[in-house]
Amino acid sequence: MADHCEALRSPNAWNFALSLFILFGILISYLPQHYRIIARRSSEGISPYFVLLGTTSGTFAFANILTLPTSRADLACCSEISAFGCFAGTLGVAQIGVQWSCFSVILLLFLLFFPRASPLSPPQPPTSAAPSYHTAVLVVGTCIVHIFLTAIVHLIFIYRFPSLLKGCAEFFGIAGTILAAIQFLPQIYTTWRLQAVGSLSIPMMCIQTPGSFVWVGSLAGRLGLAGWSTWGIYLVTGVLQGVLLVMAIGFEMRDRRDRKKNDADGPGRTNETLRNGNGTAQERQNNERTSLLGGEARD
């Protein structure tokens, strides 16, 4: 332990700068998504299963790094080294923690601004592409229960089975990897069915998609082909998020062309060009739906 703590006393300047850059990059990349949901006062277009998989995989990832013996040793050294050395040595934990926290904010905003039918508008027939408010509540409840159960398992292994901590950390890591690998599939399906971006943030994906490939290159350079199981998951995630990004940009460009055409034709033709079914346009969504907060404000 003494040798391990001694290595943390003088952190490498390049590694510290890179780790700090990644930390702020993770934080900044999620802010456009938070802002878009709040600005639109709606989480429409975001798949509840994307939120479910993202939150649970993030919880497993955070539990994994907190359970790893190496991370616990880094945290234990904080009582023996300077505050700067402690901060630099635990940036890896902070990165995963910030990512989990940012996605948890998306989870809360997803429910808080989940679109609900206005009591003043006629009831709309349910469609398979539109999740219900009951589904949103179930997703949030499942994520909360999962967080508590993961924390309980984490504490049990720390205080009752410390010799099995490595195996517990590996289980958390594998489970998080599997969930992260399929995280974007429900969102790709939802965006394609809606034929619209909705409240999904394109700037967030513009930051995170190339970031995934940079991270893959960094890991592959250090681990080589033998570490494919570590960097492979980020490669798959980056590709799937890239597919979603291309799809979202295509729909956004199409909608902008439609709006320009409507403006040129005059306001009287706007309602005639609104898409029906799975391709519901934003104007019609705003007329027929309201967010949870908007409904409460009118009560």
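I took contact to mean heavy atoms within 4.5 Å.

I recorded that the model is predicted: local features need pLDDT of at least 70 and side-chain atom pairs count only at pLDDT 80 or more, while totals for chains, interfaces and linings use all residues. Residues are numbered from 1 along each chain as its sequence is written, and side-chain values use heavy atoms, with hydrogens and water left out.

Helix α3 (residues 48-67) packs with α9 at an angle of about 165 degrees, the axes being 7 Å apart. The two are therefore roughly antiparallel, a term for angles over 145 degrees. Axes are lines fitted to C-alpha atoms, for helices over the stretch in contact, and angles run from 0 to 180 degrees between N-to-C directions. Helices are DSSP runs (H or I, at least four residues), numbered from the N terminus.

I then examined Gln187, which is placed in helix α9 (residues 184-194). Is Gln187 buried or exposed? Gln187 is buried, because its relative accessible area is 0%; buried means under 20% and exposed over 50%, with a 1.4 Å probe and protein chains only. A polar atom of the Gln187 side chain lies 2.8 Å from the backbone nitrogen of Ser47. Leaving aside residues up to four places away in sequence, Gln187 touches Gly45, Ile46, Ser47, Phe50, Leu200 and Leu244.

Trp192 is also in helix α9. I found Trp192 exposed, because its relative accessibility is 53%. Trp192 touches Met247 and Phe251, residues up to four places away in sequence not being counted. Between Trp192 and Phe251 I noted 59 residues in sequence and 9.2 Å in space, C-alpha to C-alpha.

Last, I turned to helix α6 (residues 91-112) and helix α7 (residues 133-159), which pack at an angle of about 150 degrees with axes 9 Å apart. Helix α6 is therefore roughly antiparallel to α7. Trp100, Leu107, Phe110 and Leu111 in α6 meet several residues in α7, including Tyr133, Val140 and Ile147.

Note on methods: A polar contact is a pair of N or O atoms within 3.5 Å; within protein, one must be able to donate a hydrogen and the other to accept it, and residues adjacent in sequence count only if both atoms are side-chain atoms. Angles under 35 degrees count as roughly parallel, over 145 as roughly antiparallel, 65 to 115 as roughly perpendicular and the rest as oblique.
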